[in-house]
Amino acid sequence: MKDRIEQLRSDFEAALGSATDASELEALRIAYLGKRGHIAALMQGLREVEDKKTAGQLINSLKTEVEDRIKNADEALRRAAVDREIREAKKYNPTLAFPREMGSYHPITLATREVEEIFRTMGFTIENYAEIVDDYECFEALNIPKHHPARDMQDTYYLENGQLLKTHTSAAQNAIMKKYGAPLRAIFPGRCFRNESTDACHENTFFQMEGMMIDEDISISNLIYFMKTMLSEVFKRDVKVRLRPGFFPFVEPGFELDINCAICGGEGCPSCKNSGWLELCPCGMIHPNVLEAGGIDTERYTGFAFGLGLTRLAMMKYGVKDIRDFNSGSLKALSQFKSR
Ligand code: DAH
C-alpha cells in the first residue's frame, strides 16, 4: 500500500508539472480527487490492508497535498494570465482609464468677452478697475453727496479705513476721466457689491459693464446709436430700443433703456411682465458736475454713460432663471456652458 501511495505521489508530481492551463488542471483534479479518481481507489483498497490506520493517514495526507498543490497551481496560472495580458497590451494608454474633465468659461465671462469685443470694434478701450474704492469715487464724484437719498439704494460693505466695496462700475468714471481726459471712449466691466438680501433676482455680488463716450457734440442720438448697435450684436437680431426717463444723480437727462421682448415679439408675455419691453440698461448724458470732477472742460465736451447689467444680460442670453446659480460654484449648473 505504501508503495502504491508513493507511486501515485510521484505520478501526480509529473502530471502537475506538465499541466499548462486551467482545463488540464481541472482534468488532473478529477483524475485524482474525483469520486472515481485515484485517491478514491486507494481508499477502496484499504479494505485489504491490515494496518488500516497508518495507511488511511498516508492516503489522507496525500489527498491534502494534492488539493493544496492543485489550488496553488491554479492561482499561479491565473496570475501568469494577468501578467501576460498586461505585457501583451503594448498600446495600453493609462490616461484612457481616467476620462479628463475639461473646464469651461463662466457664463458671465462669456457675456463680458462678447460685449467687450463689440465695443472694441467701435473704438472703445477696455479698462480694469479696483473693487475696493473710496467714498469719493463711488458717490461724491458722481454727484451723490453725503446724505443724498440715492445712497439708500446702494448700501455696501465698508472697511475699517473708510473704503468700501464698489456698488456700481460708475465708481471708476472719475479715475478714468482723470487718466485719459477728453476725447474718451472706454468701457469698464467689473464686479459690484451691495448689502442686499438675496433672491432669484437679487445678489449681493454681481457684474456690470460701464461705458463712457466723451467728445465734442456728443448727443442722445449717439447714445441711442451705440446702445442699439451693441444690443443688436449681443442678441443677434435687430433690437428696438426705447428710452424712458430715469433718475441717476450722475446723468442729466437720465434714462432707462428698454429693448423689445424677443420672446413674445412685443405682444406681452411673462418674461417681459406683459409689457412687450425688457428693462436692460440705465444710461444718460453725463452730468456737468461729474465731468468737472473728472477735469473735463464742460464748455467744449459732452458725453454719455451707461451701466449695463452684465449679470442680467447673461441671465437673459442664456435663460438662467435664478441669479444665485452664477455664484453657486455648482459644476452641474456651470458645466452646461462647456461647448460654447
Ligand atoms: N450706476 C447705476 C447703478 O448701478 C447705473 C447707471 C445708470 C450707470 C446711469 C450709468 C448711467 O452710467 O448713466 O444703479
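This is a predicted model: local features need pLDDT of at least 70, side-chain atom pairs count only at pLDDT 80 or more; totals for chains, interfaces and linings use all residues.
1. Helix H2 (residues 22-33) and helix H4 (residues 52-88) have axes that come within 10 Å and cross at roughly 175°. Since angles over 145 degrees count as roughly antiparallel, H2 and H4 are therefore roughly antiparallel to each other.

2. On the H2 side, the contact is made by Ala22, Leu25, Leu28, Arg29, Tyr32 and Leu33. Their partners in H4 are Lys63, Val66, Glu67, Ile70, Ala73, Asp74 and Leu77. By class, the residues of this contact are nine nonpolar and four charged, with no polar ones.

3. Glu127 sits in the loop between strand S1 (125-126) and strand S2 (132-133). Its relative accessible area is 8%, and Glu127 is therefore buried, the cut-off being under 20%. The Glu127 side chain has a polar contact of 3.0 Å with that of Thr125 and another of 3.3 Å with that of Lys179. Leaving aside residues up to four places away in sequence, Glu127 touches Ile176, Lys179, Tyr180, Ala186, Ile187, Phe188 and Pro189.

4. The largest nonpolar core has 35 residues. Val115, Phe119, Met230, Leu231, Phe306 and Leu308 have the most contacts inside it. Elements giving two or more residues to this core include helix H5 (107-121), strand S5 (205-215) and strand S9 (302-309). H8 provides the largest share, seven residues.

5. Phe306 touches Phe119, Ile187, Met209, Glu210, Gly211, Met227, Cys281, Pro282 and Cys283, again not counting residues up to four places away in sequence. Another core, of 24 residues, lies apart from the largest one; among its members are Ala171, Ile286, Ile296 and Ala305.

Technical notes
Residues are numbered from 1 along each chain as its sequence is written. Side-chain values use heavy atoms; hydrogens and water are left out. Axes are lines fitted to C-alpha atoms, for helices over the stretch in contact, and angles run from 0 to 180 degrees between N-to-C directions. Helices (H or I, at least four residues) and strands (E, at least two) are DSSP runs, numbered from the N terminus. Angles under 35 degrees count as roughly parallel, over 145 as roughly antiparallel, 65 to 115 as roughly perpendicular and the rest as oblique. Contact means heavy atoms within 4.5 Å. Ala, Val, Leu, Ile, Met, Phe, Trp, Tyr, Cys and Pro count as nonpolar, Asp, Glu, Lys and Arg as charged, and the others, Gly among them, as polar. Buried means under 20% relative accessible area, exposed over 50%, partly exposed in between (1.4 Å probe, protein chains only). A polar contact is a pair of N or O atoms within 3.5 Å; within protein, one must be able to donate a hydrogen and the other to accept it, and residues adjacent in sequence count only if both atoms are side-chain atoms. A nonpolar core is a set of buried Ala, Val, Leu, Ile, Met, Phe, Trp, Tyr and Cys residues joined through side-chain atoms within 4.5 Å.
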